[in-house]
Structure formats: C-alpha cells, structure tokens
Amino acid sequence: MTKDRVVVVDDSDEDEDEDFGYGVEILSPEDLQQAIAAAAETGILNLAFASMQEIPDAVFELEQLRELRLSSNAIAVVPREIGRLKNLTVLELWDNEGCVLPFEIGELEKLEVLSIGSACPMLPPSIGKLKELRRLSIGDNGLRYVPSWLFRLEKLEALQLWSNELRTLPDKWDRLPHLKVVNLSKNKLVELPPSFGALRELEGLALDHNRLEDLPSSMANLPITNVRLGFNRFVSVPDVVGSWSSLRVLNFFNIKSLDVYFQNEVDDDRDDLDPAVSSASHIRCYSNDEDEDDAQALDLVSLESLLPALEGLPNLEILLLQGHPSLQLPVEVLGPITDEGWVGSAKSILDYYFRTRESGRPLNEAKLILLGWGGVGKTSLVNRLVHGHFKPDEPRTEGIQVTSWNVTLPDQYSARLNVWDFGGQEIMHATHQFFLTSRSLYVLVLSGRSGSADADAEYWLRLMESFASGSPVIVALNQISKDPFELDEVGLRQRFPDIRAFVRTDCAVGDEGLGIENLKAQIVQETSALPDLRVKFPAAWFEIKNRLSAMRENYLSFETFRGLCRQHGEGSRAEQEKLAEYLHLLGIALNYRDDPRLRDTHVLNPHWVTEGIYAILNSPHAAQKKGEIEPEDLDRILDSGPYPPERHAFLLDLMRKFELCFPYHDHPDRFLVAELLPKQQPVDVERYVDALEVLQFQYRYPALPEGLMPRFIVRSHALSAGQPRWRGGCVLMWEGNRALVKAEPTEKVIHITVDGPPSGRRRLLAVIRSDFEHIHQSFKFKVDAYVPYRPRRRQLMVNYDKLVAAERAGMVAVQEFMDGEFYNVPVAELLHGVDLAKPNRGVASTNSAKLRSKSARLFLSYSHKDEAHKDALENHLKVLRRSGLIDVWSDRRIGAGDGWRGSIDRNLQDADLVILLVSSDFLASDYCTDKEMGEALRRRAAGECDVIPVIVRDCNWLHEAGLKELQALPTDGKAVTRWDNVDTAWRIVSQGIEDAVRRK
C-alpha cells in the first residue's frame, strides 16, 4: 500500500463526494494506525477510497471486527487470512478491479452483507456457504450466467446483479423466498422466468436497460412498491403492473442522455436499494454513457399506450414517462425533473392521458423565434416568409413583434407558427430571457456588414444554448448578395449540435428573394420534427385557448382566467395552471405566477408586456435620468390607454423579477433600471486595483452575455448604495471592505477586486461569488473561475477548479507555465485566500463529533413592507450559504405553477430554523402572526424546529405572547434600524443564526 498517505472515509456527506455518500479525510500513516487501533474497540474499519493495493496485515489481527469497508481501491488479491475474521458481518469490496477472492471467504459464517464487483475473475462457490447473508451485490462484473450457489443463500433479502452480461435467468427464484429487493438493470435479459412470481415479499425491482417485452403473468399481485422498467422494448405497460396495489413508484424513464434513480434506491455503486421511497424529492439524475453496443441494442422503444388499470392503483405517487413520444404527453404534464427531484403528479398524468384519448386532438402550434443584431434583416425575412413582400426601408423593430404564420407540414397537416421577431438593439438583450423558451424553433440571422459574423454567431448561439438548450437552430446568412461572407460551419456544428442547417438568404434579390423558399422548407421540416407539436390537447383546452385569442383585453387576473376555464369545463386548479404554463411557453398568453408579486395577473397579450418594458428601456427621459424611475416618470413614458397607472407597478415588478431594476431602500417608490446606467466608467474607481494586498478573483465566459453586469448590480444593489455604478461595473461596500466588480467585454471576463481589512475580504468575496453563481445557474455553458498568483510581482491566473481538484487529491502544489517558466503554485495558500472554511464534516476518528451533513433549511417570515431588510439579511446569509451550512427559503422562491399558500406551508413544515423579521407591519399582519409565526411556534414546542425573532424596526414586540419567551436578535432585541452601523447589527444576526445552526 502507499507509504506517504492514506485516505480514510466514513459515511458522512462531503459536498464534493455527495453522490457517493462519503466524506473524505486525508490521513497520515500514523493516523491509519490510530484508525486500526480504534477499530479494535468499535469493530468498524472503513478504508474505502484509500488507493490501497493490498490490505494491511494488521487488519487480520482484528478478530472482533464486524464491518470492513474496502471499496474503491486497487486491491488485487484478498488474502486467505480473511477467513480469520469470524465475527465479520459486513464486507465491502466493490470497485477493486480484477480482485481475486479466496475460497476462505466462505468461512465468514456471520457475514450478512457482501459487495464485490468490477471484473472479479472468480467467484468462489464457497460464497454459497454464507447462510446468514442478507445482502449480496455483484455489479459490473461481466457475469454471463447466475452462479448456481447463489440459490443456496436462503436468507437473502437484497440482490444486486446490475451491469453484467446476463441474457437468461435460471427458473429457481422460488428458492429465495425472502428477497425484498432485486436489481437486474443494465443486462441483456429478454424475459424473466415464471418463478419470479414466487418472490412474495418483493418490494423493489430494477429491470431498466434490458430487452424485455413483457413480464410473466405469475408476477401478478406482488407487493412491489418501486419498479424501474425504462430502456426496454415494452410497447405497452405489462398487465401485471396493474395488479401491484402497493406500487408507489413506476419508472419508465427513457431518455438516453439522462438516467433517473432514487437517493434511497440503488445508485449502481452502492448496495442499498430501499424500496420505501418517501417522496418525489428522492429522485436524482445521472448522465448515462451507454457503450455503442448497448445503445444499438436499446433502440429506445417508446410506449404506445398506458394501462387503464394504473388509474386504480391507490398508492401510485411517482410516474416517470419521459422519453415516450408515442404517448403524446406534454412536458408540463410529465413534470420537470430538477436538482431537488421530480415535480409532478401520477394522478394528473393519468387523468390527462385518458382525457385526451377520448376527446383530445393535436394542438399543431409552435413558437418560431428570430434572433440577431439590429439591421441584419430579421423583420424583412419575416415579411418575405409570412407575407411574401419586401420593403427596402423597413423600420427597425422596437421590442418584439409577434406574427401568426400558417404552414403545411410534410404529412399535409396544418400548423400555426407564432413568429417572434426580436429587436436587436443591445439594450434589449437582457429582456430576451423573458421569452426565450425551450421547445421552440430558432432562426439566427447574421449578416456580413460588420465583418464580425463569426463572433456574432458565437455570441447568439451561446445565448440560445443558455436559455433554450436542445432547441433546433437554423442559421440564416442574410444579405448575402450585398455583403458576401462565410462561416466556419463545420466548427460551429461541432460546438453547437443544435444547429440543423445553414441557409443563404437575401430578401432584396428578385421578386421572391434569394434562398427564401429554402429557408421556408427548412423551417417547415424542423417544425414538423418538434417533439411536442402533435401533443394532444383536451377539447376544453382548445376552447379556452380560442376564447383567449378572441378577447381584446391585454391582461386579466388569474382568478378571472380560472373562471374562464371553469366555464369551458376545466375545473381542476392543477390542470388550469398546467394550461397557463403551456400557453406561456407557446407565447400565446404570458403569465409569471412563479413570483408572488405577479401571481395575481395573468398577462394575455405578449405585445403588452414587451412594448411596455421596451418603452421604459428606450425612453430618452429615463436615459436622461440615468435609469432612475419614479411613478410620475411612468406617467410620461407609458401610454395611459393600454398602461393605466394601476398597472405600472406590475411592469416594474416584472422587471424586478428578471433583475432589470431595483427599488431604493430609502425611497421604495423610486427604482433604478441598471440597463440605463451610463456606460462610462468613473475615473477614480481604479485607484486601488494595483495594490499588492488586495484580494482578486476572475470569471471567464465563452461569450459574455449582455445584461450580466446589470443583473449583478440589481442583485447586489444593497451593497452598492451611495457608491459608483455604471452599466459595466460597480463598487460595493460591506463591513468595512470595498470591492470593485467590472466587466471587460472584449476579454469576456468579470474582474473582482476586494480591498479593506483582511478579515472581511473573503466574506465580501463570498457574497459576490454567491450572486454570480446564482446568475450562472441560468447559463448552460461553463463559466471558468481564476485566482491570481504573484511570483516575483508577476501575475499568473490559476484555474479555480484545478486548485479545488488538487486539494481534494492531497496535492500541495500545482505546476503552471507562464512566459517560458514553470511555477509551483501553492494550493492551500491560494484557496485559503478566496474560500471560506467549510464545515469539517469528514470524521478522522470514530470518536469525532459529527456536524450537520446537510444544509439547515431556513424559512424567512416577513412583511413585504420589510423587503429591504429581508434583502439585507440575505446578503449576510450568503456567507453561510456558500459555506454549506444553510439553505434559505422565502416566498420569492415559489416555483412556477406553485400555489403560493401551499408552497409556503410546505416549506414552513420542512424548515429547521424559522427566522421572524419582526416589525410593526409584521405584528399587524394576520398571516405573518397567526399562520406563519403560529405554526413555527407550534413546531418549536414539539421540538421540530427552532425559532429566532430578528427585530428589524422598533416595535412593541415584547407584548406579543409568543415572542417574549424567545431570545431575539440583534443583541438584547435592539432593532436593526436603531444601530449606528447596520452592518454590525446584521453581522450579529448572521452570527447568531450560524451559532443556532451549528448547535443543531
């Protein structure tokens, strides 16, 4: 084994290794000796991920050892001495490729758990002597047949045989009557033997990635609760599934690029498949890299029908049917899969499916979006395609123009395209995020006029990849006769696989234009291939859609929309919200119910939204005021007909949602639109950039999105109050530290420089990085971070991810090359400079006290009149969030389509810590005090959560019976607004919250 270091792990979670469930700690040989000595007392020794080539001899002296974990090493041979460990109940050898097992393994008479795998050349028949064995995992081992000795293990409860070469199974499963969990995924099975029906205790069954066409009728009425059947050759759901009355999870997931598993189920490298999946949040996603042979064998057969008996299964909660286009189910009904799990309802899916089978018909409607810089001819292309005419002096598009276009598809069906023509002016790009949606067809229009077509293509394709990844793209090389140009089409296709075609066009050539018919043919072809074009709509949904299209109103309340749905036979509130989301994605009727500020308005007319916002962004009056907007300004900017004063707040709230503007805390009716800040950087902001003692950090982008810095300015506005701001940067002040954050568009870089007291620099950088990382989540492309290193007063930029990986690997330094020289860059020194210390969840010895292995869930309860104070608190809590201690929830995180009260109730019930932002308005709110505070205090009395009041404004909070018994923050319950330095007050609050979390 290695002599210099060894990695000892336990079962606690570490952020970087969360998928494996291990927390990694690098130990010296002395620490290894201590761990073995400790195992003599505890009976447990975990040496997984230790890079060992052999098992230390001292291990075999531990005759009282009960658990030995050796997974993920390089152990070539397990010595015969293993038979001396007579008290062993758990032996894990998974992921020791080619490891040879001795016959003596059969002498472990008390063994209950055994995991082996990764091309083990021989499985000794003596394993069949392990009569106490309950769990056996033989995964990824190349097995072509099931060993006969396996059926002598009569007490076996869990069997893992995944990722082998099994084509047939022996008909002996009645000899294993106590099996509760069986995993046979990723084999080549074409059928199951009838004796599978004898597994009368079977609860969890994984059969995905095989070649099954049906299941034996003998499996009827088994007590299965969780089954995976995707990636097989089922054309319909097997009849026996309808008899599994205990079934809770039916997984037919069938998308090759992504596999879906469950946290408490098998993750293919663990030997724990727990059939008791408690909720949809247990779903996790993994990339699925099939080898070529398997990919050809799968052939991704789609289910063509669902079993009516599924509607009668009383316990069915999770139904995953993604990747089955023949079922004609829209993604809104199937439910999205997020990092937190599946968001959907089995009942809703089945209701929709059987409703549309009776009276549904395809919508045959889609969204076509044209993008490109101003002046490239997008509007002229729309006029040529849709209307067949051309105007040489076509005025520029202000905002977005939406045009209906009826086309005939290759199968002679008609379809309607809602054609969205985006204005190309730079200031409008930040608003594209309102409307760029997946499941649309895109036409990128380029021209050779500026000589920058390659850079323009890169920019726009990156933007589309970020907001609408997976959507097909046609690239139109427009005005090609006037300004001929070429693109690196092969290179672009390699980098952007969503490109379907390049078409050369010129609207000004001839009576019909050059290449217009070719472009039209490409659009029709790609429209026909859109996966959801022929998704069936219930008859009632068609009537509602047509009624909305015929109405003249620009907007209506969501309750009015619900009433309209009820009039036309759609009474389900959940189905009403699905329809609203579907209409939004198609661009027929917009709604933004994911934000509590906007939930009451259902926007009917996309023009109304775009024209109102673009009127503000393009207003000379707003530009003259450097982006500062007050109510009286909107009266001047907006037409009072379509935009009456009572709707101005809605437009501003929509702009706030997309981080285009923010209110001043001292004047909540005054807003700053960051896109309208002056472009010119103030002269004096660079005065400390060259100082050697400043802390620096850098983000590099493949394409710097327009609006990135304005979004950051909006998110961090509380820290830049009273400091210089311009469109490309800002200065932040926090806890006595100052930061300069600026964009360099030509370099595609964001530079961050932090100055001030050394103790606070990393905290301010953590806040800045938290905001950028939030924004980066909306990008599909990778953003690289860099840390500066200064050898001999020269600056070398080192990749941050490289440093983190080096630290994880135990490296002291990494080698970098610059200007003809190599430099050994100290890993810990650079990371210590830019990272906050994370909670030490790894445990070096069995006597160490464990800290929390998961982030504590915080619920913020506040009056919306105290939103400025909520924002200030969240700024200070960003440090704890980056440290992995907490996850903060407030009602601003309500998801699309969520009922807001239901979402609040769920998150309040899940909270570990409830923070009450107390003020006179909070105490005056019945909802805050009776509902949120009342429920929080009830859960606290039951020992389910902690509650901390934070006094934000002076009020008689001690008169509130529920509060006076609690320890309030800041110190002595002195209101934040009464402190001379509010940063100090918030720092005390955040420290108090951190202490409370660490005590849990």
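Trainee: Which residues of α12 meet residues of α15?

Mentor: This is a predicted model. In it, Trp608, Val609, Gly612, Ile613, Ile616 and Leu617 of α12 meet Phe650, Leu651, Leu654 and Met655 of α15. Sorted by class, the contact of α12 with α15 has nine nonpolar residues, one polar residue and no charged residues.

Trainee: At what angle do the axes of α12 and α15 cross?

Mentor: The axis of α12 (residues 606–617) and that of α15 (residues 648–657) cross at roughly 80° and come within 11 Å. An angle of 65 to 115 degrees counts as roughly perpendicular, so α12 is roughly perpendicular to α15.

Trainee: How should I read a sheet, and in what order do the six strands of the open sheet lie?

Mentor: In general, strands of a sheet pair through backbone hydrogen bonds, either parallel or antiparallel. Here the order is β20-β21-β19-β22-β23-β24, with mixed pairing. The edges are β20 (400–408) and β24 (499–504), each of which pairs on one side only. From one strand to the next, the twist averages 20°.

Trainee: In what sense do β22 and β23 pair, parallel or antiparallel?

Mentor: Strand β22 (residues 441–446) pairs with strand β23 (residues 473–477) in the parallel sense, over five bridges. Tyrosine 442 stands opposite valine 473 of β23.

Trainee: Which strands does helix α6 lie across, and which does α12 touch?

Mentor: Helix α6 (residues 453–467) lies across β19 (365–371), β22, β23 and β24, and runs at about 160° to β22. Helix α12 also packs on the sheet, where it touches β20 and β21 (414–422). The direction of α12 makes about 150° with that of β20.

Trainee: Is leucine 492 buried or exposed?

Mentor: A residue counts as buried under 20% relative accessible area. Leucine 492 has a relative accessibility of 3% and is therefore buried. Leucine 492 lies in helix α7 (residues 489–495). Apart from neighbours within four places in sequence, leucine 492 is in contact with Ala457, Glu458, Leu461, Leu487, Ile499 and Phe502. Alanine 457 is 35 residues from leucine 492 along the chain, and their C-alpha atoms are separated by 8.4 Å.

Trainee: Why does glutamate 577 count as buried, and which side chain does a polar contact join to that of glutamate 577?

Mentor: Glutamate 577 is buried because its relative accessible area is 15%. This residue is found in helix α11 (residues 573–585). A polar contact of 2.6 Å joins the side chain of glutamate 577 to that of arginine 562.

Conventions
Residues are numbered from 1 along each chain as its sequence is written. This is a predicted model: local features need pLDDT of at least 70, side-chain atom pairs count only at pLDDT 80 or more; totals for chains, interfaces and linings use all residues. Side-chain values use heavy atoms; hydrogens and water are left out. Two strands pair if DSSP finds at least two bridges between them. Helices (H or I, at least four residues) and strands (E, at least two) are DSSP runs, numbered from the N terminus. Axes are lines fitted to C-alpha atoms, for helices over the stretch in contact, and angles run from 0 to 180 degrees between N-to-C directions. Contact means heavy atoms within 4.5 Å. Angles under 35 degrees count as roughly parallel, over 145 as roughly antiparallel, 65 to 115 as roughly perpendicular and the rest as oblique. Ala, Val, Leu, Ile, Met, Phe, Trp, Tyr, Cys and Pro count as nonpolar, Asp, Glu, Lys and Arg as charged, and the others, Gly among them, as polar. Buried means under 20% relative accessible area, exposed over 50%, partly exposed in between (1.4 Å probe, protein chains only). A polar contact is a pair of N or O atoms within 3.5 Å; within protein, one must be able to donate a hydrogen and the other to accept it, and residues adjacent in sequence count only if both atoms are side-chain atoms.
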